[in-house]
Amino acid sequence: MYTLVTDRMYLTLSTPKLAAEVADFNLRNKEALADTEPARPASYYTKKGRKEYLKIDYKDSMRGSEFRYYLTMKGSKKIIGTVCIASILFGSVKSCTLSYKMDKDWQNMGLCSEAVAEIIHLAFEVLQLHRIEALVMPRNEKSLRIMKKFGFQQEGLARKCLEVNQVWEDHYYFALLNDKISAKQKYADK
């Protein structure tokens with residue numbers, strides 16, 4: 001699960017070794033993503049600052065609570081996006097949350113969909129989760145298209161649920177269910 005492979009990309013699990021490339025991705029896309037992201041400290045755009053966050057991401061991956069992947073085209077080391085399942089819960093819940101973002105110069109090429117398809121496969125087929133949840137701002141047309149493409153169902157509106165660029169923003173609440181996972185559990189008598 002350290003590297004996932006799609007037709008056109010490698011999805012590499014978050015690690016401190018990617019700090020320079022991730023900082024470069026963040027800096028290149030700072031303005032383009034400003035209307036969909038929280039306000040960020042200056043360290044978010046530096047190698048040193050990213051290294052600390054990537055250490056946390058890596059530890060979360062080793063615990064199985066989050067899997068954040070960075071996207072590169074095959075034959076390149078330049079990060080062009082990220083896809084993540086986080087807040088992973090097992091037991092009677094078996095769910096996670098989905099997030100993703102693409103480099104401004106690599107949008108509208110189907111690459112985000114390719115990465116989302118792979119992360120759904122990881123969540124449902126490998127981790128055997130039952131539910132993937134996602135929050136999408138009503139004005140984020142590209143993400144709304146992703147939700148529709150993969151069959152996510154809108155379950156409601158979360159009013160002022162996330163801070164985006166220093167403003168509390170409403171988000172639609174979506175979920176995708178894995179009907180292959182049974183709610184019936186068998187327990188062996190002792």
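First, the ground rules. The model is predicted, so to speak of local features I need pLDDT of at least 70, and side-chain atom pairs count only at pLDDT 80 or more, while totals for chains, interfaces and linings use all residues. Residues are numbered from 1 along each chain as its sequence is written, and side-chain values use heavy atoms, with hydrogens and water left out.

Let me start with the overall layout. The protein has 4 helices and 8 strands. Helices here are DSSP runs of H or I with at least four residues, strands are runs of E with at least two, and both are numbered from the N terminus. Along the sequence the pattern reads β-β-α-α-β-β-β-α-β-α-β-β. The radius of gyration is 17 Å, close to the 16 Å from the globule rule for 190 residues, so the protein is as compact as a globular protein of that length. That radius is taken over C-alpha atoms, and the rule is 2.2 Å times the number of residues to the power 0.38. Along the principal axes, the C-alpha atoms fill a box of roughly 55 × 35 × 30 Å.

Of the 190 residues, 45% count as buried. Buried means under 20% relative accessible area, exposed means over 50%, and partly exposed is in between, with a 1.4 Å probe and protein chains only. Among contacts with a separation of 6 or more, 63% come from residues 24 or more positions apart; a contact means heavy atoms within 4.5 Å.

Now the sheet. In what order do the strands of the open sheet stand? The order is β1-β2-β3-β4-β5-β6-β8-β7, and the pairing is mixed. Two strands pair if DSSP finds at least two bridges between them. The edges are β1, residues 3-5, and β7, residues 153-164; each has a single partner strand, so one side of each is left without a neighbour in the sheet. On average, neighbouring strands are turned by 25° against each other, direction ignored. Axes are lines fitted to C-alpha atoms, for helices over the stretch in contact, and angles run from 0 to 180 degrees between N-to-C directions.

At the β7 end, β7 pairs with β8, residues 167-177, in the antiparallel sense over 8 bridges. Gln153 has Ala175 of β8 as its bridge partner, and Gln154 stands opposite Phe174 in β8. The two strands form a hairpin with 2 residues between them, and Asn165 in the turn has a positive phi of about 50°. β8 is also joined to β6, again antiparallel, by 6 bridges, with Val136 opposite Tyr172 of β8.

Is Ser61 buried or exposed? At 5% relative accessibility, Ser61 counts as buried. Beyond four places in sequence, Ser61 touches Leu13, Glu66, Phe67 and Arg68.

In strand β3 we have Thr72, also buried, at 9%. Setting aside neighbours within four places, the contacts of Thr72 include Arg8, Met9, Tyr10, Lys77 and Ile80.

On to the cores. A nonpolar core is a set of buried Ala, Val, Leu, Ile, Met, Phe, Trp, Tyr and Cys residues joined through side-chain atoms within 4.5 Å. The largest has 36 residues, and those with the most contacts inside it are Tyr69, Val83, Ile85, Leu98, Met147 and Phe152. Which element gives the most to this core? That is α3, with 9 residues. Apart from this core lies another, of 7 residues, among them Ala19, Val22, Phe25 and Leu54.

Lys94, in the loop between β4 and β5, has a positive phi of about 50° although it is not a glycine, and at 22% Lys94 counts as partly exposed. Lys160, in strand β7, likewise has a positive phi, about 45°, without being a glycine; Lys160 is exposed at 58%. Asp179, in the segment after β8, is exposed at 72%. Asp179 and Leu129 are 50 residues apart in sequence and 9.9 Å apart in space, C-alpha to C-alpha.
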